[in-house]
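Dear colleague,

Please read the notes with the model open beside them.

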Amino acid sequence: DDPFTIVLLPDTQNYSLSDNAARLFEDQTNWIVQQQFNLNIQFVSHLGDITEHGSIEEEWRRVDQALNILEQGGIRYGVIPGNHDIGGENYADYDRYFPPSRYQQYEWYGGYLGDPEDGIPDFGVNQQNKDNYQLFSVGKWDFIFINLQIDPPQYAIDWANSLLQTYSKRLAVITTHAFLNAIGTRPESPYINRPGQNSAEYVWQQ
């Protein structure tokens, strides 16, 4: 029955631009580790746009170092790519720095879209860690955090619904990038123009 905290990390892209800026990101993740007991921090959810350009090695190196602080500190967290993380090869660097293998050692990592081990339908798609989920409990509360790529395609929505059915007794939180606009409504068009992507309003209805 003790209060607990879930931390959100939105759009760290500008912190990736230089070593000096990256120290701000490291300050954030160090603060989370330092406050995990004072605030009973149970989970951290990154909301996407991890980097600014998505294809610059130094940017990925910097954010990798900042998020690794959470792992070294024993903090559970989820991460998803935003539109700035696409890069020139469709999330190639995100896949390289944040693959499922980075997290599969942790008991709280549930799996990813395409995971052959978790028993969830993958609809013939392997999205690596671009769509993923975590399972953990806080006291009497059992959670599932589902992290969906920006403008989730239909197969990602179907996968999320399969997870919600499989874990129907858990409290569910869904994280995706660009879900609300500046006036607090859900856009009815995808945020970026790519085939097969869906709007935030469509995701909500589905």
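A residue is called buried when its relative accessible area is under 20%, exposed when that area is over 50%, and partly exposed in between. Please keep in mind throughout that this is a predicted model.

By that scale Asp95, at 21% relative accessibility, counts as partly exposed, whereas Lys130, with 6%, counts as buried. These two residues form a salt bridge in which the closest N and O atoms are 2.9 Å apart. Since Asp95 belongs to helix H3 and Lys130 to the loop between strand E4 (109-112) and strand E5 (132-138), the pair ties together parts that are 35 residues apart in sequence.

Salt bridges that share partners also join Asp19, Glu58, Arg61 and Arg62 into one network. Within that group, Arg61 forms a salt bridge with Glu58, with 2.7 Å between the closest N and O atoms, and both residues lie in helix H2 (residues 57-72), where they are 3 residues apart, or about one turn of the helix. Arg61 is partly exposed at 30% relative accessibility, and Glu58 is likewise partly exposed, its relative accessible area being 36%.

Helix H3 (residues 92-97) holds a further pair, Arg96 and Asp93, which are 3 residues apart and therefore separated by about one helical turn. Their side chains meet in a salt bridge, at 2.5 Å from N to O. Here Arg96 counts as partly exposed, at 46% relative accessibility, while Asp93 is buried, with a relative accessible area of 15%. The count of salt bridges comes to 9, and the ones described here are among them.

Turning to the histidine, which residues does His46 contact once its neighbours within four places in sequence are left aside? They are Leu9, Asp11, Thr12, Phe25, Leu67, Gly78, Val79, Ile80 and Thr175. His46 lies in strand E2 (residues 41-46), and because its relative accessibility is 1%, it counts as buried. Its side chain reaches two backbone atoms, namely the oxygen of Leu9 at 3.5 Å and the nitrogen of Gly48 at 3.0 Å.

How values were computed: Residues are numbered from 1 along each chain as its sequence is written. This is a predicted model: local features need pLDDT of at least 70, side-chain atom pairs count only at pLDDT 80 or more; totals for chains, interfaces and linings use all residues. Side-chain values use heavy atoms; hydrogens and water are left out. A salt bridge is a side-chain nitrogen of Lys or Arg within 4 Å of a carboxyl oxygen of Asp or Glu. Helices (H or I, at least four residues) and strands (E, at least two) are DSSP runs, numbered from the N terminus. Buried means under 20% relative accessible area, exposed over 50%, partly exposed in between (1.4 Å probe, protein chains only). A polar contact is a pair of N or O atoms within 3.5 Å; within protein, one must be able to donate a hydrogen and the other to accept it, and residues adjacent in sequence count only if both atoms are side-chain atoms. Contact means heavy atoms within 4.5 Å.
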